[in-house]
Amino acid sequence: MVDAIGTGLGSLGYRFNMIARQARANFEQRLGEAGASFTTWTILEALTVHGPLIQRDLAGSLHVSGQTLARQVDRLVDSGWLVRGEAEGDRRAVRLHLTGEGRAAHHRLQRASRKANEQLVTGLSAEEIDVLDDLLARLARNFG
């Protein structure tokens, strides 16, 4: 039996990392085929789920620097997928809004995301997926 807690190539941490890399590569490939990057998808997803957001709050929620996000937002504004507006009560803050084109792009990317996730869990039962989801949530709590 492999020491899953150990430090070798058979350890749980190593295997988890390799599966995560493979899943991310597959996800990014499918998003690329749909016309966007992982970063673009996360921005569009956050704005779809939460509605218009102040740019600095979006950066914080995505765990990226304001400078990194600004470059991505510039590209999305230039593409017509986002517009910038003033935030109520704070003229210095910039609130980001999805456009109709941005919502259509998000819809395409959602289909790509769904296909990537379906491939990821191929062969697992609904019960196994629920158990895996619970285990992942518990693992995430180990890191705060």
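This is a predicted model: local features need pLDDT of at least 70, side-chain atom pairs count only at pLDDT 80 or more; totals for chains, interfaces and linings use all residues.
On the H2 side, the contact is formed by Thr 39, Thr 40 and Ile 43, while H4 contributes Leu 69, Gln 72, Arg 75 and Leu 76. Classified by residue type, this contact of H2 with H4 comprises three nonpolar, three polar and one charged residues.

The largest pocket holds about 1100 Å³ of space. Its lining consists of 29 residues, and those nearest the centre of the pocket are Phe 16, Ile 19, Ala 20, Leu 132 and Leu 136. Two or more lining residues come from each of helix H1 (12–33), helix H5 (100–120) and helix H6 (126–141). H1 gives the most to this lining, with eleven residues. In terms of class, 20 residues of the lining are nonpolar, six are polar and three are charged.

Helix H1 also contains a charged pair. Side chains of opposite charge can pair when their charged atoms come close. Arg 24 and Glu 28 form a salt bridge in which the closest N and O atoms are 2.5 Å apart. Because Arg 24 and Glu 28 are four residues apart in helix H1, about one helical turn separates them. Across the whole structure, the search finds three salt bridges.

Notes
Residues are numbered from 1 along each chain as its sequence is written. Side-chain values use heavy atoms; hydrogens and water are left out. On a 1 Å grid over the protein atoms alone, a cavity is a set of points where a 1.4 Å probe fits but cannot get out, and a pocket is an open set with protein on both sides within 12 Å along at least five of seven lines; lining residues have an atom within 4 Å of a point. Grid points are joined across faces, edges and corners, and a volume is the space filled by probe spheres set on the points. Ala, Val, Leu, Ile, Met, Phe, Trp, Tyr, Cys and Pro count as nonpolar, Asp, Glu, Lys and Arg as charged, and the others, Gly among them, as polar. Contact means heavy atoms within 4.5 Å. A salt bridge is a side-chain nitrogen of Lys or Arg within 4 Å of a carboxyl oxygen of Asp or Glu.
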